[in-house]
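Subject: Handover of a structure

Dear colleague,

Please find below the structure that I am handing over to you.

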Amino acid sequence: MSEQRVSSELRVAIAGLGSIGTKIAAALDQGIEGLTLSAVAVRDPAKHQAFLGGLRRPPRVLPIDQLGEVADIVVECAPSRHLREIVEPAVRRGKTAVVVSVGGLLDNFDLVDLARANGGRIIVPTGALIGLDAVNAAAIGTIHSVKMVTRKPIDGLKGAPFIVENNIDIDKLREPLKLFEGTAREAAKGFPANLNVAVALSLAGVGPDRTQVQIWADPTVTRNVHRIEVEADSARFSMSIENIPSENPKTGLITALSAIALLRKQRATLCVGT
Ligand SMILES: NC(=O)C1=CN([C@@H]2O[C@H](COP(=O)(O)OP(=O)(O)OC[C@H]3O[C@@H](n4cnc5c(N)ncnc54)[C@H](OP(=O)(O)O)[C@@H]3O)[C@@H](O)[C@H]2O)C=CC1
Ligand SMILES: O=C([O-])CC(=O)C(=O)O
């Protein structure tokens, strides 16, 4: 496929038009400085016909592994099992992949080497979390410990492999139940669609085997609540965020906004925050 360019705008392609992807597509269509929406990949094109037809400049619909051919930036926001199909062709071509299903990156970490070898990049937005700028900064020095406690309503955890495999009935809970305590790597395996934030935190800081995570199923909360505590030689900080779930109860509304903010920074004249 031709790579001939007629404009200096960065072309963005989106893989997956769910709770996150549709909001990013709409934002790009409304206009982000220096960026244009070039293509999307969807599972079932018929399902998305009305949404795409409603855009001012409808993008091309391409197979998921072809997005890197028509874009400078490929945004991955599909189920994590598709991460490799989306990211590999992009970074092999020296393109940038914005990865939202960051939990899936741990089992595909060779993609970072592939990107490095080909001049590509993998960028993980802060997503549904808070404070990765401070964690990045602290990691320049020495971080002694990173802990995260997540509390989610029942609907935000239903179907997670850890719950199914351990036969835990969370439907009738009346008070908070600690489901899991362990490393971010273990959390990503047990809760692949619910705890991307733990993996993002770990990659910003001390890695997936030293980042400690607790997960609570909490029928008393209506938001996805994440609290992080960091002890470093430069600072001690704790932060928490209470995410309003999107139409996908596992996904906080702020996740798409975080990716949009990241895209805005690609060509913005004034950038604030690391
Ligand atoms: N980093 C972070 O902080 C966060 C990350 N996430 C992660 O982001 C990802 C997206 O989340 P979200 O938007 O809420 O998920 P959704 O389930 O709302 O959307 C995923 C979309 O991907 C589509 N899809 C499935 N298979 C394919 C395929 N083969 N080709 C193209 N598209 C496909 C689905 O289509 P269909 O509807 O037809 O099945 C769906 O529209 C998830 O992996 C989630 O775990 C979520 C929240 C926070
Ligand atoms: O990390 C995730 O996958 C989702 C999440 O916790 C949130 O949206 O608050």
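The shell around ligand 1 takes at least three residues from domain 1 (10–127 + 255–265) and at least three from domain 2 (132–246); these domain bounds come from an automatic or database domain assignment. The model is a predicted one, in which local features need pLDDT of at least 70 and side-chain atom pairs count only at pLDDT 80 or more, while totals for chains, interfaces and linings use all residues. Residues are numbered from 1 along each chain as its sequence is written, and chains are lettered from A and ligands numbered from 1 in the order in which they are written.

The ligand

In total, 31 residues surround ligand 1, and the closest are Gly 16, Gly 18, Ser 101, Gly 127 and Thr 251. A residue is near the ligand if its C-beta atom, placed from the backbone, lies within 6 Å of it. The elements that give two or more residues to this shell are α1 (19–30) and α8 (196–204). Helices (H or I, at least four residues) and strands (E, at least two) are DSSP runs, numbered from the N terminus. By class, the shell has 16 nonpolar, twelve polar and three charged residues. Here Ala, Val, Leu, Ile, Met, Phe, Trp, Tyr, Cys and Pro count as nonpolar, Asp, Glu, Lys and Arg as charged, and the others, Gly among them, as polar.

The two domains

The C-alpha centres of domain 1 and domain 2 are 25 Å apart. Ten residues of domain 1 and twelve residues of domain 2 make up the contact, where two residues are in contact if their C-beta atoms, placed from the backbone, lie within 7 Å. On the side of domain 1 that touches domain 2 there are four nonpolar, six polar and no charged residues.

An annotated residue

The unreviewed UniProt entry has an "active site" annotation that covers His 226; UniProt positions are given in the numbering used here, feature names are shortened, and annotations may be inferred rather than shown by experiment. His 226 lies in strand β10 (residues 224–232). Is His 226 buried or exposed? His 226 counts as buried because it has 25 C-beta neighbours inside 10 Å. The cut-offs are 20 or more other C-beta atoms within 10 Å for buried, 12 or fewer for exposed, and anything in between for partly exposed, with C-beta atoms placed from the backbone. Apart from neighbours within four places in sequence, the contacts of His 226 are Leu 129, Met 148, Thr 150, Val 197, Ser 240 and Ile 241.

Ser 258, in helix α9 (residues 254–265), is buried because 20 C-beta neighbours lie inside 10 Å.

In helix α5 (residues 132–140), the residues Leu 132, Ala 134, Val 135 and Ala 138 are buried. These four are on the same side of α5 because they cover an arc of only 155° around the axis, the arc being that of the directions from the helix axis to the C-beta atoms. Among the elements that cover them are β7 (143–152), α8, β10 and β11 (236–243).

Asn 167 is not a glycine, yet its phi is positive, at about 55°. Most residues other than glycine have a negative phi. Asn 167 is in the loop between α6 (161–165) and β8 (177–183), and it is exposed, with 6 other C-beta atoms within 10 Å.

Yours sincerely
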